[in-house]
Amino acid sequence: MKITTNWLKEHLETKLNENQIIDKLTDVGLEVEGVDSQSGELDEFIIAKILKAEKHPDADRLRVCDVDIGSDNPVKVVCGAPNAKEGLLTIYAPPGAVVPKSQMKLVVSKIRGVTSYGMLCSESELNLSNESDGITELSSKKYEKKIGENYFPKSNVNVIDISITPNRADCLGVRGIARDLATAGSGTLKKLKTEKLVQKNKQKVGIKIIKEKNQGCTSFGSCLITGVKNTESPDWLKKKIISLGQKPISAIVDITNYVMIDLNRPLHAYDADKIDKGIIIRNSKKGEKFKALDEKDYNLEDGMCVITDASGVLGLGGIIGGTRSGTELDTKNVLIESAYFNPRSIRKTSKILNIDTDAKFRFERGIDPLSIEQGLQRAAELIKKICGGEISKFDIQKIENVKNCFVKFDIQLFEKITGFKIDQKEMIKILTNLGFEIKKQKKLLLLTVPTWRPDILQEVDIVEELVRIKGYDQIKMIEPEKLRNKDTLNKTQKLFHFLQRAIASKGYLEAITWSFTDSKINQLFIESNKEIKIVNPISADLNVLRSSIFSNLIINIIKNLGRGFKDLSIFEIGPTFFGSKPGQQQTVVSGLRTGKLSRQSWTEQGRLVDVFDIKRDVIQSLVEAGYNKDKFYIDDETPSYYHPGKSGRIFLNKGKEKVVAFFGDIHPNILKKLDIKVEALVGFEIFLDNIKQPKKSLKDQKTQYKYSDFQKSERDFAFVLDKNFKVQELIETISNVDKELIKSVKVFDVYEGTNIPEGKKSIALNVIIQSLEKTLTEDDLNKINQLIISAVESKTGAKIRS
């Protein structure tokens, strides 16, 4: 919203200067975005006279003009206007001037061999009107003695640009802004002066609002003014219109724009002689068309509020008028419309048709429904004064009565919310000045909300009005207490972030992807879950909620392989979905690895990542989170998207309550279907919702590090056992023989073949034995060796290999 202080002072009696007004506007919540000077680009347009106009030697339609610009020597200008003739007073723009309409900067140029110094301007180029057929013709009586002077009077008036929030539609008029400033103590709001109109005849143009579902117009006021002489606007009106960045068109149109800006009351003017058998306000029908004042043709949908006559659509109610009934300079009879349109209807229609106008901007935010007569009164006064004519009585048609909004305001609520007090008398004064009607009732104020404030609906809105007028600086700053009695995060949240860091510490890069994915890839990981389609996906390849994070990670693996990256380790932590209802989702940490380890190392030979690398990453992360590795139970039952025999699942204990993780090679068939050309792709999934929360915190679960000062001993064992026997059970059997002495058990060889019976395999293990209390003797070692052999043979059926 742009205003000038001079215009503001027509409504506000104040002693404040411009800077003080700007500060006060921001204080009451009307933030000033900028202040622009009116002078500048228009300073160089000069009143000039054509002394001589000759035909261009090389162009039939061009003339070479000698132009008097008030200096000693005339300037030569090449002009193509048909009305460029000797003795014509017009407007000259020198080189360096910027043409308002095109924003083109003029330079000295040669036109068909003749040098032209500047240009002679049309009214259209100067944004004075739409007239573009010839250069501007000025009155000789008025301008003969002003040759050489600036056509646009220099002004030191600044334009204040205010950011109006959507709830403050009342401040889209100068008077609404003045009301706020007056209430805040910046002056006194002047009373609106109205002249008594002579209104003898009835309004003869029939008006009818059709009562139908979703009718966008509830009130339609009109006034017929006959015998007008539409003309150019007087200077005072032109200056006001130009000052706010608009261009004068004609007196009638400029008056409607002036009233809209001044009082926040949009109006529309019709040429009454172009209206066919009266006006009907109704809902549009699909396929109807009309040409609007912006020279565009619009195809309408069902249910748009249209102003029509017997011949069709005249305009879109509250948005834009049509060219068929628009006023011209030869208009003799004008019908002024002042109506109320439903904000929702305006917003919906303008969005569908992509139309943005000043009227639409105001109606969609909600104007004062009781300002209809006020708008007609002000417009009729000005048209009578400037254009003459006879004014009819006002005709206001309604299909709904305006309902007042009432608020019961508890006076004590203000202090509870803001922390400071306002005297009751001051409260009443502020609210009265803002337009509220007030009745006192004990500790309550019964408020009737002014019709120009549709945003005020409840008590907190009243608190906001009072505090912004009194001043936000009255609210005391209170520092928050810095004491923290309990942790901000709960145990689940802590585990979430801990595992996030634990996986990242192992060289994985975190990916953040959508919770939805491509259904074609999701099908590879969906297992028995139901596919959850998205009704309105953001793109065709993101059309389902993901059943596994692998579906998105594998897309990123493919992209990065295509960019030349060979060794990749990525992970993501987030939700996967097994149903469309609330709660049918789980939080999972998933990771994928491909490529080689130590690819370019001179100290060790490179090798492909394998299932044991991914297994180590998962187990180490769980151990770091505080879970006991010795209690883990691992078997080889995994989903179908893992490679059978090269994958496993992990339980936190042998009770096998819930699977906490899967790990292993991604099935080769999936790599083939997706055309992923890698030798190995391994992955893991850790299910946070299945991890039983320990009683102790992560910090308290850390065990004390113990080390031995005594020598360790290593012993190797080879056992022959059933081919299908799980090596993990063999390791656990040996470890449980003596947990104090046996420090580690590692498999270093698996053999099947010669000298091994069919259906059997040989497992070779290295066992490290060490005491915290003494150096072990040969007898001690032999004893532990025998215990290991007997325990394995009795519990697994294995035989020591000789």
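Guide: Before we start, a definition: a disulfide here is a pair of cysteine sulfur atoms within 2.5 Å. Please also keep in mind that this is a predicted model.

Visitor: Good to know. How many disulfides does the structure hold?

Guide: The count is 0. Take C79, which is in no disulfide: the nearest cysteine sulfur belongs to C65 and is 5.3 Å away.

Visitor: Is C79 buried or exposed?

Guide: C79 is buried, and its relative accessible area is 5%.

Visitor: And what about C387, how far is its sulfur from the closest cysteine sulfur?

Guide: That distance is 13 Å, to the sulfur of C223, which is too far for a bond. C387 is buried, with a relative accessible area of 5%.

Visitor: Let's zoom out. What secondary structure does the protein chain have?

Guide: The protein chain has 19 helices and 42 strands. Its radius of gyration is 43 Å, whereas the globule rule gives 28 Å for 802 residues, so the chain is more spread out than a compact globule.

Visitor: What box do the C-alpha atoms fill?

Guide: Along the principal axes, the box is roughly 130 × 85 × 55 Å.

Visitor: How much of the chain is buried?

Guide: Buried residues are 47% of the 802 in the protein chain. As for the surface, the chain exposes about 44100 Å², and carbon and sulfur atoms supply 48% of that area.

Visitor: What share of the contacts joins residues 24 or more positions apart?

Guide: Among contacts with a separation of 6 or more, the share is 68%.

Visitor: Now charges. How many positive and negative side chains are there?

Guide: The protein chain has 126 positive and 109 negative side chains. The centres of those two sets lie 4 Å apart.

Visitor: Switching to the backbone, what is the phi of Q103?

Guide: Q103 has a positive phi of about 60 degrees, although it is not a glycine. You'll find Q103 in the loop between β7 (89–93) and β8 (109–111). Q103 is partly exposed, at a relative accessible area of 47%.

Visitor: And N264, where is that one found?

Guide: N264 sits in the loop between α6 (251–263) and β15 (268–271). Its phi is near 55 degrees, a positive value in a residue other than glycine.

Visitor: Does N264 count as buried or exposed?

Guide: N264 counts as buried, at 6% relative accessibility, whereas Q103 is partly exposed.

Key
Residues numbered from 1 in each chain as written. Predicted model: local features only at pLDDT ≥ 70, side-chain atom pairs only at ≥ 80, totals over all residues. Heavy atoms only, no water. Helix = DSSP H or I, 4+ residues; strand = E, 2+ residues; numbered from the N terminus. Buried < 20%, exposed > 50% of the residue type's maximum accessible area, 1.4 Å probe, protein only. Rg over C-alpha atoms; globule rule 2.2 N^0.38 Å. Contact = heavy atoms within 4.5 Å. Areas by Shrake-Rupley, 256 points an atom, 1.4 Å probe, with all protein chains shown as cover. Lys, Arg positive; Asp, Glu negative; His and termini not counted. Charge placed at Lys NZ, Arg CZ, Asp CG, Glu CD.
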